[in-house]
Amino acid sequence: MSTRKTINRFATIGGLCTAVALAATACGAGGPSSSGSAASTINVLVEAGGHAELTGVAEQCKKDAGIDVNFVELPYDGMFNRLSSEFSSGNVSFDVAALDSVWLPSFKDAVQPIDELFTDEAKKDIFPALVKEANVDGHFIGMPAWTNAEIILYRKDLFEDPQNKSGFKAKYGYDLAAPTTWKQYQEVAEFFTKDGMYGTDVKGGVETEWLAHVLQAGSPMVIDDKNNVVIDNAAHKEALDFYTSLAPSAPPGAAQVDWAAAQNLFNQGKTAMTRFWAHAYRQIPKDSPVAGKVGAAPMIGGSAGVAGVPGPWYLSVPKATKNADNAKKFIKCAYDHNSMGIESSLGLASRISAFEKYQDQPGYESFGPLIETLNGKATATRPATEKWQQIVDTVLVPLLQKAVAGGDSATLLADAKKQIQDLLK
């Protein structure tokens, strides 16, 4: 299941407030000049959350380039179907499409290169994993508009409690603090599992956390760059065994826990830590028992270093549009004023400088850990196969659900390899 699809199940997407935009003269994106453009209208196809992220950008683009933007909003599944239908027909009703990263392999032949926007300066300001993913078959086909990754959220009030601090040190021999190793995470989770509380959660209903552990163990996720299925290698087993080892410190019924359930558990004060998408830090309800009591830390690394699985969306231009110049001008506006997305309800951007601009401001404490995670040397995006979503839904999630329920990891991974090989034939 895609990052945006799962996030939208529990993130309320609201209006977008105007922020102080990054100065266009310092932004570094190439492409068409914004000055002197005649008024024109472009249609931008977005999933509902994307409208909120891009509303302020559209208003700024009107000022900068004289371009009016008409948003066409569709639910996630409906948007994929619309894209598939119109790209297949060669007759598109939109000039820009916001594409989930997992869709790029499916639609790569229907969108046109935007290489001129990826200047050297622009590439330095985009997280490396996103620069790599945007380049398909030697051309850049999408400009990242926003991205996300999992970080560690933890209960500062519990970690700073004198009784907890002394009790933890007496038991484990070191100071209680936000964990920086997985051994520490495991021990902190174990320590807080008592009196009706759990140390962490285990999400059997989503695959991303397990795959982050795979990257941290030094392996590509599921499929390598030569299209070999490697899900049964030692790194995948090591990652799966560690992930399921946390089950005793997590609420029961892990096989059914997904993003929404995990977020609710943490916000209700049932878990002391959670590995979760960074945007959730700012979405803790004011009436939550944990409001104002949460700290943020980077994703933890393994033998290969820190790694997360980003969740970006890209702005792309269909080959069939007759308004390509203005479409590219809009994408340039979206890059130039990327920080405006941070003021939306979802509160995300894609440029390093946009996150850095806010990271030291009160309320944005999750941005430093997010930057560190997205810049992690082992951080990588999902495999570039059009079958990825099918692999997730029919193989990876069922595998995890069986694993957290006590299934044998080696057997499950071997079976998964056969299933994925069959899907890729």
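## Close-up views of a predicted model

**View 1. V57, A58, C61 and D64 in helix α2 meet K329, F330, C333 and A334 in helix α13.** Contact here means heavy atoms within 4.5 Å. By class, this contact has six nonpolar, no polar and two charged residues. Ala, Val, Leu, Ile, Met, Phe, Trp, Tyr, Cys and Pro count as nonpolar, Asp, Glu, Lys and Arg as charged, and the others, Gly among them, as polar. This is a predicted model, so local features need pLDDT of at least 70 and side-chain atom pairs count only at pLDDT 80 or more, while totals for chains, interfaces and linings use all residues. Residues are numbered from 1 along each chain as its sequence is written, and side-chain values use heavy atoms, with hydrogens and water left out.

**View 2. How do α2 and α13 cross?** To describe two packed helices, you give the angle between their axes and the distance between the axes. For α2 (residues 48-65) and α13 (residues 324-336), the axes come within 9 Å and cross at roughly 115°. Axes are lines fitted to C-alpha atoms, for helices over the stretch in contact, and angles run from 0 to 180 degrees between N-to-C directions. The crossing of α2 past α13 is right-handed. A crossing gets that name if the near helix is turned clockwise from the far one by less than a right angle, and left-handed if anticlockwise. As for the labels, helices (H or I, at least four residues) and strands (E, at least two) are DSSP runs, numbered from the N terminus.

**View 3. Here is an open sheet of three strands, in the order β8-β7-β9.** Strands of a sheet pair through backbone hydrogen bonds, either parallel or antiparallel. In this sheet the pairing is antiparallel. β8 (273-277) and β9 (294-297) stand at the edges with a single partner strand each, so one side of each has no neighbour in the sheet. On average, neighbouring strands of this sheet are turned by 35° against each other, ignoring direction. Two strands pair if DSSP finds at least two bridges between them. β7 (residues 150-155) has five bridges to β8 and four to β9.

**View 4. Helices α9 and α12 come up against the three strands.** α9 (residues 182-192) packs on the sheet and touches β7 and β8, and its direction makes about 125° with that of β8. α12 (residues 259-267) lies across β7, β8 and β9, running at about 135° to β8. Now look at β9: V294 and A296 point one way, G295 and A297 point the other way, and these residues are all buried. Buried means under 20% relative accessible area, exposed over 50%, and partly exposed in between (1.4 Å probe, protein chains only).

**View 5. Strand β3 (residues 96-100) is mostly covered, with five of its five residues buried.** In a regular strand the side chains alternate between the two faces of the sheet. In β3, V96, A98 and D100 lie on one side and A97 and L99 on the other, and both faces are covered. β1 (residues 40-47) pairs with β3 in the parallel sense over two bridges, and L45 has A97 as its bridge partner. β12 (residues 313-316) pairs with β3 in the antiparallel sense over four bridges, with L99 opposite Y314.

**View 6. V222 and N227 are found in the loop between α10 (208-216) and α11 (234-245).** V222 has a positive phi of about 70° although it is not a glycine, and N227 likewise has a positive phi of about 70°. V222 is buried, because its relative accessible area is 0%. N227 is partly exposed, because its value is 47%.

**View 7. Where does pLDDT stay under 50?** pLDDT is the predictor's confidence in each residue, from 0 to 100. The protein's mean is 91, and 91% of its residues reach 70 or more. Residues 6-28 stay under 50, and the model has 69 contacts for them beyond four places in sequence. Residues 30-39 are also below 50, with 22 contacts in the model beyond near neighbours in sequence.
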